[in-house]
Structures are given as C-alpha cells and as structure tokens.
Amino acid sequence: MTDPLDTEIVTAEGEVNVMGIINDLAAGRISPRIADLRFCYDGCIGGPGRNSELTGLYKRNLVISHFRKGAAYRTAPQYQQHTERPDLSRRFTDRYVGLPVPTTDDVRKILHAAGKFTRRDELNCRACGYRSCREYAVAVFQGLADLEMCLPHTMQLMEKEHGKLVQKYELAKRELAMEYGDEFIVGSDRKTLDVLDLIKQVGPTPTTVLIRGESGTGKELTARAIHRFSQRNDKPLVTLNCTTLTDSLLESELFGHRKGSFTGAINDKKGLFDAADGGTIFLDEIGDITPKLQAELLRVLDSGEVRAVGSNASKKVDIRLITATNKDLEAGVREGWFREDLYYRLNVFAITMPPLRSRIASVPLLAHHFLEKAKKKLNKSIMAIEESAIQAMVKYHWPGNIREMQNVIERAAVLTADNLIKLDNLPKIFADISAEPLAGELPQNSFKAEFAPHVMKIEKALLEKYLFEANGNVSRAAQLASIPRRTFYRILGRHGLKGRKTVP
Ligand code: SF4
C-alpha cells in the first residue's frame, strides 16, 4: 500500500490508468522515482484479456472453482512423484554454410575477366568494396560480387565503347559529308582553281603541308581533300584543333599516356599519332601550341617515334602531317613564340587559302552550293536565291569567309516562308549594301563616277587616321568614328586595310 500523498512512488492498476501514467511519463508531466504499474485490474479477472461480457463476481466464482479442482489434482500420487527438474538444457549446432574456395587458377581467370593480367593491373583501390583485387576475385567466385563492381575495369570498358562510338560517328560523318559534298572545294575563280591544282599535286606525295589563311576559309576542307588525293586515303585521317585543349590534355591526346602518369590516368591511352598510324594527322591552329609542345612535336617529326606521357618506351609511327594556322608564324619566329626549326619542318609545302572577298566570282556558285546543303538539312524545298540577294552577297566583304556565308544561307533558308531566298531573308547589312553601287557600275562621265574616287580617297584617309588614333584596335577605331564595328570593318575590307597596321 502506498501513501496516496506520495508523488515519488506511483502505483496504478488497469489498462486505462496505466496508459494514462505512461502518457504522462512520456510527455514529462510527471517524474516519480518509482512507477508500479499493473495492467490487470481487480486481480487476474480484471486483466486486459478479460471477458468483458461477464461480471466481476461471476469471474471471481470461476477462479475459485478452478482453484478447488486444482487442489485435488495437486494431491494425486502421480503429481507427487513428478519431482525431478525438467531438462532445460539447449544444444547448438554450427549453422555456417561453407562457401566454395577458389583455386589459384579460378582467381586468375576472374582477374583476367576484370582486365587484370599483371600485378601492375591490380590497383587494389578498394572502389569495389573489397580490400584487394584478389579478395574481390574470391568474392566473385563465391557469387558475392559482380565483375561490374570493379570501377576501373568498368570505366575501361566504357572508354572502349566510347572509342567504338566515336569511330562510328566519324564514319557516319564522312558518309554524310560525301553525300552533302563536304569533301569538295567549290569555286570557279582563279584563286580556288590554283588551290585545287596545288592539292592535286601535293596530295599523292608524303610531303608535310602547312595550310594558311583566315578563319573560315576552308583549311580543314583542304586537309581532307589532300588526304583524299593521297595514297593513304584508305587509312584514317585524324583531326585535332589545338586550341580546344589545355597543354597537358593536348599532350596526352597527341602522344597518349601510361596509366598512373598523372591524376586521372587510370588506364593506358593511345594517342592520336598512334591512331593515325599509316594515315594522316591534321593539326589545326598549330600556331597556338605552347613551346613545350612545339619541342615534343619537333621530336616526333625528327625521330618518327612517339612516346606516351609517363612512358620510357618509344613507338615508330608512320604518319603524314598536315597543319593549319591563321597566325603569322614568321612573326612568331621573329618574336620568339614559335620555334624556327619547327616552322621549317611544317612549312614544307604551303597552301594559302584565299579569303572569300578575293573570290567574288565564286560567290553565286557558293551561295547555291550552300543552299543545296541547307535544303537537305532543313528538309525545305527552296528553289532559288533572288538576284538582288546574290548581288548583295557579291558586294559584301565576308569577314567570316565561307563559314559565315554558309551560316547566312542556312539562316535565310530557315526564315524564308516560300521557295525563294530573298534579300529580306539575309541579315540587315545586306539590304544596306545592296543600295551601294558596284565598282564600275556608274557611267564614266557621270558626276557620281568622277566624284566616287575622291570620296574613296577621303574615306581611306579617315579610316587610317582612326586606326592610328586607336593604335590599330578596330573596335576602338569604330568607336572614335562613331559607326558600328561591323560597318567599320566592312569599309576597312573595301580599302584592303583589314588586318594591316596603319601609320599616317
Ligand atoms: S575496384 Fe577493381 S581495381 Fe579496385 S580493388 Fe576492386 S577489383 Fe581491384
């Protein structure tokens, strides 16, 4: 019996009271030192399993009657004899199911399947969750691990898959290019015909070629044409733009690398020189490579051997090298940012791609050529280009060269609502220059014809003045002249001043 005033010791009987105290305890409303809780209420007959249909008195009588029967049972002789203790002992058996133990040969086969042929291949990197490659191989044998759990191996497989996809992509691209005429240089002007002659002459030889010219003049197209005319045209043509990669990545891309030669080099990798073995390698923007890479490239050209990054072994390669640049390499040699010995190695046979503004005679032909390509690409049935649009294109100076023209035509093909490309479909600058007369269009004895040369002279002198004041910076010069940069650039082209240093 507890003191009803004592809050340190709590006692309760019955489901409702007990649950109430448990809830109070859980909520922190009470904190007794002792809680004596009994779910039963009024003895066993009031317990949680009670039959609530019966009254408490009736249940009490049932208990008493049961007790009386039990007393008679407990006095029976056989009950008296049951004195020994029941056997409570327990027996335990080893339930471990033995896993199969692989032989050395089994482990070796699994390691081979995971691309580990030598001890060096066993990286023991723990990426699979096992402490070593051998422990992992045992787990694979026992069916506790999968081959795909080896991360370096899975990455190697993915890299191979990637290589296959790249090859497929290159093939598809080539087929597409053949279909769309990408491999052919289009033009009927004298300069284009001269370039085609040079390609045909140098193509079948093993000579190193340096293609020069402004951006967008078709240097890669020329490299492809040279490869097509060569004896190696059944072998790969590997192309790489040297400006797209950092120095170290470029080195690894060109020469390959050995596993572990730098962070992230988880596998051996073949370089492009190796991939192009027997074929041609085309390095675009060669003027942008660093002196370190220039030295490496020179070594390859001198020895005919490539050495992967992190390797001491060299491998002979048979490649034909074609390079391209829009940089002034001679200035590079003079100023010291381009090696002279490499310059002479590369500049064995130079082809200079003429800018589009000097191939005006080919503009209509090119425009229609690009229209055909745009039609196929966009699946549109455009029949022709309006004459005024062609004339505007002939007058335009094309600072972005062929690439710009291709984009202009494709844009116009997208914009046109009928089957004709009109002047309105070209960028606004074409409408502006369409209003300007072509040189030689005016009658010789007209006021305009006599006035025009004077205007041109003044215009040129002004351009030179602005350029001088802007220290050769075209954007700044255009600002000083208060005219849009593109317009300024176009007028520069008209006077042959683009890219020239101007002094008063
Ligand atoms: S992930 Fe592959 S390489 Fe790394 S420990 Fe596991 S099995 Fe060996």
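Tutor: Val-363, Pro-364 and Ala-367 on the α14 side meet Ile-390, Met-393 and Val-394 on the α15 side; meeting here is a matter of C-beta atoms, placed from the backbone, lying within 7 Å. Sort the residues of this contact by class and you get six nonpolar, no polar and no charged (nonpolar: Ala, Val, Leu, Ile, Met, Phe, Trp, Tyr, Cys, Pro; charged: Asp, Glu, Lys, Arg; polar: the others, Gly among them). Before we go on, keep in mind that this is a predicted model, where local features need pLDDT of at least 70 and side-chain atom pairs count only at pLDDT 80 or more, while totals for chains, interfaces and linings use all residues. Residue numbers start from 1 along each chain as its sequence is written.

Back to our pair: α14 covers residues 363–378 and α15 covers 387–395, and they pack at about 120° with axes 9 Å apart (lines fitted to C-alpha atoms over the stretch in contact, with angles from 0 to 180 degrees between N-to-C directions). That angle is why α14 and α15 count as oblique; under 35 degrees would be roughly parallel, over 145 roughly antiparallel, 65 to 115 roughly perpendicular, and the rest oblique. Their crossing is right-handed, with the near helix turned clockwise from the far one by less than a right angle. In the loop between α14 and β12 (384–385) you'll find Asn-379, whose phi near 55° is a positive value in a residue other than glycine. Asn-379 is exposed, with 6 other C-beta atoms within 10 Å (12 or fewer is exposed, 20 or more buried, in between partly exposed, with C-beta atoms placed from the backbone).

Now look at α7 (190–202) and α8 (219–229), whose axes come within 8 Å and cross at roughly 40°. They are oblique to each other, and their crossing is right-handed. Here Val-195, Ile-199, Lys-200 and Val-202 of α7 meet Thr-222, Ala-225, Ile-226 and Phe-229 of α8, which comes to six nonpolar, one polar and one charged.

The C-alpha atom of Tyr-396 is 9.1 Å from that of Arg-494, although the two sit 98 residues apart along the chain. Arg-494 belongs to helix α20 (485–494) and is partly exposed, with 19 other C-beta atoms within 10 Å.

Zoom out, and the protein chain has 20 helices and 13 strands (DSSP runs numbered from the N terminus: H or I of at least four residues for helices, E of at least two for strands). Buried residues make up 22% of its 504 residues.

Technical notes: Contact = placed C-beta atoms within 7 Å.
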